[in-house]
Amino acid sequence: MAIPPAYADLGKSARDVFNKGFGFGLVKLDVKTKSASGVEFSTAGSSNTDTGKVNGSLETKYKWTEYGVTFTEKWNTDNTLGTEMAIEDQIAKGLKLTFDTTFSPNTGNDGSEFGGSIYQKVSDNLETSVNLNWTAGSNSTRFGIAAKYQLDSTASVSAKVNNSSLVGVGYTQTLRPGVKLTLSALVDGKNINAGGHKLGLGLELEA
């Protein structure tokens with residue numbers, strides 16, 4: 001079965017549509033805080049249920065609210081560095097454009113990723129996203145679409161598909177303020193009868 005592409009370097013709104021509500025083959029923990037100056041910090045950890053590998057990440061974010069611009073810096077335990085700039089509600093209300101790049105110091109230019117995404121809040125309940133990523137060195141291109149639908153104030157469902165025919169579905173339930181539980185599944189659309197599909201469980205805490 002093809003390895004699902006990582007969407008960790010997309011803009012937050014687009015990334016949330018692709019990632020929140022999914023967590024195939026992982027047990028995850030996310031913690032978020034905000035400083036008095038308005039800088040947001042996010043730390044995350046996950047354990048792969050297939051390999052036992054543990055990963056972690058750190059993200060800092062600063063918003064230039066009057067211009068609708070957000071700058072984000074990211075680092076993870078694979079020693080990958082990321083920079084992102086997002087422009088929101090400047091071209092059209094509810095539209096967000098994101099430009100990002102990632103760099104792996106251990107590999108030089110090979111493995112660097114460049115990408116863009118478009119996020120649209122169609123209604124109060126429905127969010128959609130499209131992304132395109134290109135990897136230097138391998139000329140690998142990834143394309144995907146995703147959607148999230150809010151069932152009520154505490155629950156939502158998500159779905160996504162990419163150009164490798166990987167289909168993901170997820171369900172997120174708010175257990176209480178600041179605590180969310182996510183159940184998800186990933187199916188290889190090209191090999192439905194082959195097995196090897198993935199399930200995921202996630203827990204998100206926000207202070």
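**Notes on the predicted model**

1. Residues are numbered from 1 along each chain as its sequence is written, and side-chain values use heavy atoms, leaving out hydrogens and water.

2. Asp50 meets Lys198 in a salt bridge, 2.6 Å from N to O (a side-chain nitrogen of Lys or Arg within 4 Å of a carboxyl oxygen of Asp or Glu). The two are 148 residues apart: Lys198 sits in strand S13 (residues 198–206), Asp50 in the loop between S2 and S3. Strands here are DSSP runs (E, at least two residues), helices likewise (H or I, at least four), numbered from the N terminus.

3. The structure holds five salt bridges, and two others deserve a look. Lys63 pairs with Glu40, with 3.6 Å between the closest N and O atoms; this joins strand S3 (residues 54–64) to strand S2 (residues 40–48) across 23 residues. Lys63 is partly exposed at 44%, and Glu40 is partly exposed at 21%.

4. Is the Lys74 and Glu84 pair buried or exposed? Lys74 and Glu84 are both buried. Their closest N and O atoms are 3.3 Å apart, and because Lys74 lies in strand S4 (residues 69–76) and Glu84 in strand S5 (residues 81–88), the bridge ties together parts ten residues apart in sequence.

5. Do enjoy the strand S12 (residues 179–188) region too. Asp188 lies in this strand and is buried, at a relative accessible area of 1%. Its C-alpha atom is 6.3 Å from that of Val167, 21 residues away along the chain. Val167, in strand S11, is partly exposed at 35%.

6. Finally, confidence (pLDDT, the predictor's confidence in each residue, from 0 to 100). The mean for the protein is 83, and 86% of residues reach 70 or more. Strand S10 (residues 155–162) has the highest value, 95, while helix H1 (residues 12–19) has the lowest, a mean of 65. Over residues 1–11 the pLDDT is below 50, although this stretch has 42 contacts beyond near neighbours in sequence (heavy atoms within 4.5 Å). Where pLDDT is low, predicted coordinates should not be read in detail.

Note on methods
This is a predicted model: local features need pLDDT of at least 70, side-chain atom pairs count only at pLDDT 80 or more; totals for chains, interfaces and linings use all residues. Buried means under 20% relative accessible area, exposed over 50%, partly exposed in between (1.4 Å probe, protein chains only).
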